[in-house]
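Look at the sequence and the structure before reading on.

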Amino acid sequence: MANTIIEGRNITRHFGAIHAVDGVDLDIQTGELFGLIGHNGAGKSTLFKMMLGLLPLTGGEIRVQGESVSGNNFRNVRRKIGYLPENLALYDNLTGLETLHFFARLKGADVQPCAAKLERVGLADAANRRVREYSKGMRQRLGFAQALLGEPKLLFLDEPTNGLDPEAIREFFAILRDLQAQGVTMILTSHILADIQERVDRLAIMKNGKIQSCGSVQALRETVNLPLIMEIGGTVTADQVAQMLDGLPVVSIETRLGRLWVKLPREAKMQALARLMTIGNGMQDLHVREPSLEDVFFGLSE
Amino acid sequence: MIELAQIGTIAGKEFRDRIRNRWVLAVAVVFAAFALVIAYFGAAQQGAVGFRSIEITIASLVSLVIYLIPLIALILGFDAIVGERERGSLDLLLTMPITRLELILGKYLGLSAALALSTVAGFGLAGIAMANQLDLYALLNYSGFILSSVLLGMTFLSLAVMISVFATDRAGASGLAIALWFFFVLVFDLLLLGALVATGGHYGGAIFPYLLLLNPADVFRVLNIFNLDDVRTLYGMATVFPEELANPWLLGGIMLLWIATPLSIALWRFKR
């Protein structure tokens, strides 16, 4: 596809007997905000490092903007890549502004806009303070400003909301929306799934070095088809409910915190509701829970 | 293709870091103080105090510097790469449009500049303090001593950068650095001497001087001692040392080889 910015075929990385990334195919479209989630050790960081050309591939191929990550021309692609590492480490003895100047020079970018970048991430007041005195959140903001140097076309953000307070997280995603409007492609990982859920265009779930599933959040929900939960409050007993739902594909009925939890597939939702409505006084409350992204995530990665 | 701007950016940062944390100043002061103390009190054991001759001063300085500079260079460079790796800043550096060769050269040249500046400033200041005692010939010899001291530092800095690529953590790197210092500065000569004595001096006498070239510290010693006519007979080495090796250009070239080789090995390892 002409719009593909990252093209990965059969991406494989073995560390001895461990298959950290095992035959992954991944295409990322220009301008997309793409989320990558998975447990620790699922292979996310290894995949990230290979896409950045930090780690050689055991097998397969990755092309970024048409250039192989292992090729000699990849240096030129790097000028337009921004990266915010997961465990960000900067130089304590430099000030915020000096840090940006250093990385801007390495990127071959103008040092002039560095001050503006600091302002954009809310560090204008701390520009001339040493990074040693920065809080974790301030370091993370500085790291983000660093990733924005040289007007990148492609941003890799590994756990970008690490150490940010909710206010800062909102500001962070506001910047991402601006960038997306400018056509910047972004790939991010996060443990805070709720952040990703509402913000990414597509999502890939990794497990044991493989991409388990990939698509929009809605598409993933439908693929997994996790049972939904009907939570019933009242005097009705589990046996009575079981009897009423007889013939429907009920997964389980259990009592939790004094309420009945009925698990059943989405298709049976309306039929089950209709039958439960006939309980009358035995039921004071009914709550239908859709599977959340966490459920989808754990459902896929279990 | 090598981009000089990238090397310059890395080197500039390393150099400025050492200026700002006063490393350069501290080492320069140590060098200047040692040089002056040796020049004026070096003969105190013989009951005399005061400046004697530049030859004797240099000879004493050489035996001091041969311990001190390798140690300082190894301490300066042992964490050049492994330090970034352990801190976690190496990955970010390597996603920049910079090659590993440029990174290693930048680190090496920046640290070399810091070490060279402290050496030249420290011994240079001491030289200025002694200037009224020195004639042109002595001044030349003393400048040669400073230059070779810079080269000595650069050879051990190159070894240090090599260690910093091979080591998996800083603790391991510091252990390796101390082991290298021990080997080249203390053990190597003892081994050679032991081998010479054990064979009764019958074998190895001819290759002995060539074996000295396998140790940059010995090359430094030979380079300085053999330029001082007064001292070379004093050390009793004149007879065993072949004339064709006592050429300062050749010895300087060997020092350069001692700089290039460990750096090349470091690059080879770093690229894997």
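Q: Which residue meets Asp79(B) in a salt bridge?
A: This is a predicted model, in which local features need pLDDT of at least 70, side-chain atom pairs count only at pLDDT 80 or more, and totals for chains, interfaces and linings use all residues. Residues are numbered from 1 along each chain as its sequence is written, chains are lettered from A and ligands numbered from 1 in the order in which they are written, and side-chain values use heavy atoms, with hydrogens and water left out. A salt bridge is a side-chain nitrogen of Lys or Arg within 4 Å of a carboxyl oxygen of Asp or Glu. At 3.3 Å, N to O, the partner of Asp79(B) is Arg170(B).

Q: How many residues apart are Asp79(B) and Arg170(B)?
A: Asp79(B) is in the loop between H3 and helix H4 (82-87) of chain B, and Arg170(B) is in helix H8 (residues 170-198) of chain B. Helices (H or I, at least four residues) and strands (E, at least two) are DSSP runs, numbered from the N terminus. The pair links distant parts of the chain, and the separation is 91 residues.

Q: Is Arg170(B) buried or exposed, or partly exposed?
A: Buried means under 20% relative accessible area, exposed over 50%, and partly exposed in between (1.4 Å probe, protein chains only). Arg170(B) has a relative accessible area of 35%, so Arg170(B) is partly exposed.

Q: Which residue forms a salt bridge with Arg289(A)?
A: The closest N and O atoms of the pair are 2.9 Å apart, and the partner is Glu231(A). Arg289(A) lies in strand S14 (residues 283-289) of chain A and Glu231(A) in strand S11 (residues 228-234) of chain A, so the pair ties together parts that are 58 residues apart in sequence. Arg289(A) is partly exposed at 36% relative accessibility.

Q: Why does the salt bridge of Lys44(A) and Glu159(A) tie together separate parts, and how many residues apart are they?
A: The side chains of Lys44(A) and Glu159(A) meet at 3.9 Å, N to O. Lys44(A) lies in helix H1 (residues 44-51) of chain A and Glu159(A) in the loop between strand S7 (154-158) and helix H6 (166-181) of chain A, so the parts tied together are apart in sequence by 115 residues.

Q: How many salt bridges are there over all chains?
A: One network of salt bridges links Glu14(B), Arg18(B), Glu84(B), Arg87(B) and Lys107(B). Over all chains, the count of salt bridges comes to 28.

Q: Is Ala73(B) buried or exposed?
A: Ala73(B) is found in helix H3 (residues 54-77) of chain B. Not counting residues up to four places away in sequence, Ala73(B) touches Leu115(B), Gly153(B), Phe156(B), Leu157(B) and Ala160(B), where contact means heavy atoms within 4.5 Å. Ala73(B) has 0% relative accessibility and therefore counts as buried.

Q: What is the relative accessible area of Ser148(B)?
A: Ser148(B) is found in helix H7 (residues 136-166) of chain B. Leaving aside neighbours within four places in sequence, Ser148(B) is in contact with Phe220(B), Leu223(B), Asn224(B) and Met255(B). Ser148(B) is buried, with a relative accessible area of 3%.
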